[in-house]
Every structure is written in structure tokens, then in C-alpha cells.
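Hi,

Here is the structure I promised to pass on. Have a look at it first, and my notes follow below.

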Amino acid sequence: MNKKTIKIGTRGSQLALFQAKLTQKELHEKFPKITVEIVVIKTKGDKILDVALSKIGDKGLFTKEIENALLANEVDIAVHSLKDLPTTLPEGLTLGAVLKRGEFRDALVSKDGRKLNELTENDVIATSSLRRKAGLLRFNKNFNIIDIRGNVNTRIQKMEEGYCDAMIMAAAGLQRLDLDKYITEIVHPETIIPAASQGIIAIESRADDAATNELLAAINHVPSWNAGEAERGFLRAIEGGCQVPVGCYSQINGDTITLTGFVASVDGTAFLTETETGLVSNSRATGEKLAQKLIERGAAKILDGIRKQ
Ligand SMILES: NCc1[nH]cc(CCC(=O)O)c1CC(=O)O
């Protein structure tokens, strides 16, 4: 049966709504006769606002309630940031498509416009991400780092009110919200290795909904999909999530993909990084091989140590 209406489930943050609207626009352009509606769903991550994400210790903090709505047929697709989506999806759900990737690197946002190499131990740098913390401490072990929560807009407001001197955020999120002017510097991906799949918008669907999946295939951006496969392959194999300092990024060059990843201890003193190159047609396996390399060098031991704390 052909679809007449598609309901998109999304969180209600400005960033999530922007991403849902972009998906709506892409579907509308390809399929002008189909009505695409947006349904806002609150997630646990939207309700717990005062605890560092790394301490909540929950997979799918920003995605679970939306996935439940999808499984209950209340919506037809769910739009997420791919980096927030656990690498193993619930039974019955599938990744239907991804949109063209935005900026994959992190950005420094500083109050007075100073760059990362101009910040000192007298500055307060805010991030709740263990990955960003590890990168920052490897760059300067004396940096003073504090936790921060809240959506992108809230965090900028906190900085302006004096909560901190600088922050690290995903450049893609700032750009999507038209907040580019706050970006002081795009951080080199070897200084702070990005989150796997950062900058990619994911569209999740029911595996058995052939009509919807056919529509999604038509808006899928293949190079971004391959990057996501490689980076999620890595993350799945290393068993990383947002509770551990891990990250990776990929570069596609013709038919090859090069993936760089890291695993670190929370204080940044142990820091392992590796690179792996493979065929784009074999992206996921390339990510898994990268994970294997890091595991052979002791990554599992570092991660086990963190999980026991
Ligand atoms: N953790 C929250 C989150 N999830 C996705 C993005 C940015 C957009 C993206 O990576 O696609 C952000 C904000 C941030 O990390 O600063």
C-alpha cells in the first residue's frame, strides 16, 4: 500500500526540530504528494537536566521513547542524531536512511574569542563528554574542566552568564541552529577526536514497513551512510558509548575509507589511537578492524577499568 502520510517522531529541542524539518523537506521534495507531519516526543534525556550524561549511564537516553512510539505505530519514522543512537537497534527497527553529513568536527566556543592554544589552566572549560575531556587533557593536562548539561542554546546562555570561559560542542549542532558566530575555532580532529557519526542525521524506521523504507532509500546519502557504517562498526566492536572516552572519524577518498579512532582513560593519561584503511564497499569491516587493532593494544583493559568505577 502506498503511503499518503508520514509521521516523524522527534525530540522537541531546537536542534532535533531542525533535523526533523530537514527530513520533512527532503521527503517533500522527492514525494510532493505525501503529507509529512512532525510529532514531538519527550525522552528521558530531556527530563533529567542536572546530571552529567556520563553519570546517568543509560543507552538510548535521547532515543528510547521515540523508538517505542515507532514500535507502537504512533509514528512512521524517527529522526535522531546518529551519534545519539545506540549501535544495536531494538528488535523490529532499522536504520532506513541518513542525510548528507554536516561538519563532523567539534568546535571551541570561547567567551572572548581565544583559541584552544590560548586557553590556560586559569580558564574554566565546560563539557560533560568524557571523550572531549580526554582530548582536552591530552592537549593540556592542567586544563580546568567542569560539567555542563542542557541543549545547545542553554549551554551558550550559561557561558554568557559566566558559568565558564569556554566550551566544546559539535560544530554541526551550532551550524544547524545558525549559531556559527559562536564558533571560535573548529578543533583539529586529532586534537579532539570526534564522536562516531557526529554530524550525521539518522532516520530510523520499522524493518517490516517496506513502503516507508522505499521512500527512505530515495533520500539516503550514500557516502554519509558508508561513513556511518564504518564509525558505528568501530563503536559496536569497541563497545563504546557516551559513558567512555572513545571516538573516531573517517575520510572517504574515491573507493577507500580511512578511519582514525581512539580510546582513553578518563584523565587522558592513557590514550591509544590507531588508523585503518579499507574499501568503502567494506566500511563496517574497516571499523571493526580498527577496533580490533585498539583492543590488541590494550583498549579493552582501559575501558573495563572505567566501567568498574
Ligand atoms: N550530545 C548531544 C548532541 N547530539 C548531536 C549533537 C550535534 C549534532 C550532530 O552531531 O549531528 C549534539 C550536541 C553536541 O554534542 O554539542
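An oxygen atom of the ligand sits 2.9 Å from a polar backbone atom of Ala170, which is a polar contact in the sense of a pair of N or O atoms within 3.5 Å (within protein, one must be able to donate a hydrogen and the other to accept it, and residues adjacent in sequence count only if both atoms are side-chain atoms). With Arg132 it is a polar side-chain atom, 3.1 Å from a ligand oxygen. On its own the ligand exposes 390 Å², and the protein buries 91% of that (Shrake-Rupley areas with a 1.4 Å probe; for residues, only the protein chains shown count as cover).

Before you go further: this is a predicted model, where local features need pLDDT of at least 70 and side-chain atom pairs count only at pLDDT 80 or more, while totals for chains, interfaces and linings use all residues. Residues are numbered from 1 along each chain as its sequence is written, and side-chain values use heavy atoms, with hydrogens and water left out.

The residues around the ligand (a heavy atom within 4 Å of it) include Leu15, Lys83, Asp84, Met169 and Arg176. That shell splits into four nonpolar, three polar and four charged residues. Both domain 1 (5-101 + 200-220) and domain 2 (106-186) supply at least three residues to the shell; the bounds come from an automatic or database domain assignment. The assignment also gives a domain 3 (235-308), and the C-alpha centres of domain 1 and domain 3 are 26 Å apart.

Now to helix H5 (residues 130-139): eight of its 10 residues are buried, so the rest of the structure largely encloses it. Buried means under 20% relative accessible area, with exposed over 50% and partly exposed in between (1.4 Å probe, protein chains only). Arg132 is among the buried ones. Ser129 caps the N-terminal end of H5, with a side-chain oxygen 3.3 Å from the backbone nitrogen of Arg131. Helices (H or I, at least four residues) and strands (E, at least two) are DSSP runs, numbered from the N terminus.

Two other residues to look at:

- His80, in strand S3 (residues 77-81), is buried at 4% relative accessible area. Leaving out residues up to four places away in sequence, His80 touches Phe62, Ile200 and Glu204, among others (contact means heavy atoms within 4.5 Å).
- Thr184 counts as buried at 16% relative accessibility, and a polar atom of its side chain lies 2.9 Å from the backbone nitrogen of Ser110.

Cheers

Note on methods:
Nonpolar A, V, L, I, M, F, W, Y, C, P; charged D, E, K, R; others polar.
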